[in-house]
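Let us go through this structure step by step, from its sheet to its core and then to its aromatic side chains.

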Amino acid sequence: MTPVDPCRVADRQVCLATRDLSRAVLRRLAVTAAGIEPRIKTIVATQTDGPAEHALWRLHGDDGRLLLQFDLLKGAGAAWSALTADVSFLARLANLRTHPPGYFYVHPLPDPRDIAIPLPSNPRGLAPRTIGPLQ
């Protein structure tokens, strides 16, 4: 059974373009993260000042083990700025209220401010859900 695409027929082109952009940002996140620390497989971020900003909170390896936890009061630092910017951009693209978790490669966590982004090379993480013809 093919899952139903959550986008209205009139919005399908916009959803497809946004999903393609999300996929490109996800790839760039994976490359940036691997350049800093190759063991990073899942990024957990939390919402900070305003709905458009997210801060890196925790980085996990492919076995789910915590690799690094950031102090949210101090921030991640300049070395992580590109990764933080892409995480915030991907979080803004994902509309978790109207689309299922993973549709834009972002997964909500129990606290509504937190999101998880499993990188494509993560074999055990939250796999992005494929929706119908947008695979």
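Predicted model: local features only at pLDDT ≥ 70, side-chain atom pairs only at ≥ 80, totals over all residues.

The strands belong to an open sheet of five, with antiparallel pairing and the order β3-β2-β1-β5-β4. Its edges are formed by β3 (66–69) and β4 (107–108), each of which pairs on one side only. The antiparallel pairing of β4 with β5 (residues 114–118) extends over two bridges, and H107 stands opposite A116 in β5.

The largest nonpolar core has 26 residues, of which L29, I43, I117 and L119 touch the most other members. While α1 (12–36), β1, β2, α2 and β5 each supply at least two residues of this core, α1 gives the most, with six. Beyond its neighbours within four places in sequence, I43 has contacts that include L29, L83, V87, I117 and L119.

Two aromatic pairs are counted. The ring centres of F70 and W80 are 5.2 Å apart and the planes stand at 80 degrees, so this pair is edge-to-face; both residues are buried. The rings of Y103 and F104, with centres 4.7 Å apart and planes at 90 degrees, are therefore also an edge-to-face pair. Y103 is buried, with a relative accessible area of 0%, and the charged end of R19 sits over the Y103 ring, 4.9 Å from its centre.

Definitions and conventions. Residues numbered from 1 in each chain as written. Heavy atoms only, no water. Pairing = 2+ DSSP bridges. Helix = DSSP H or I, 4+ residues; strand = E, 2+ residues; numbered from the N terminus. Core = buried A, V, L, I, M, F, W, Y, C linked by side-chain atoms within 4.5 Å. Buried < 20%, exposed > 50% of the residue type's maximum accessible area, 1.4 Å probe, protein only. Contact = heavy atoms within 4.5 Å. Phe/Tyr/Trp six-rings, centres within 6.5 Å; stacked < 30°, edge-to-face > 60°. Lys NZ or Arg CZ within 6 Å of the ring centre and 35° of its normal.
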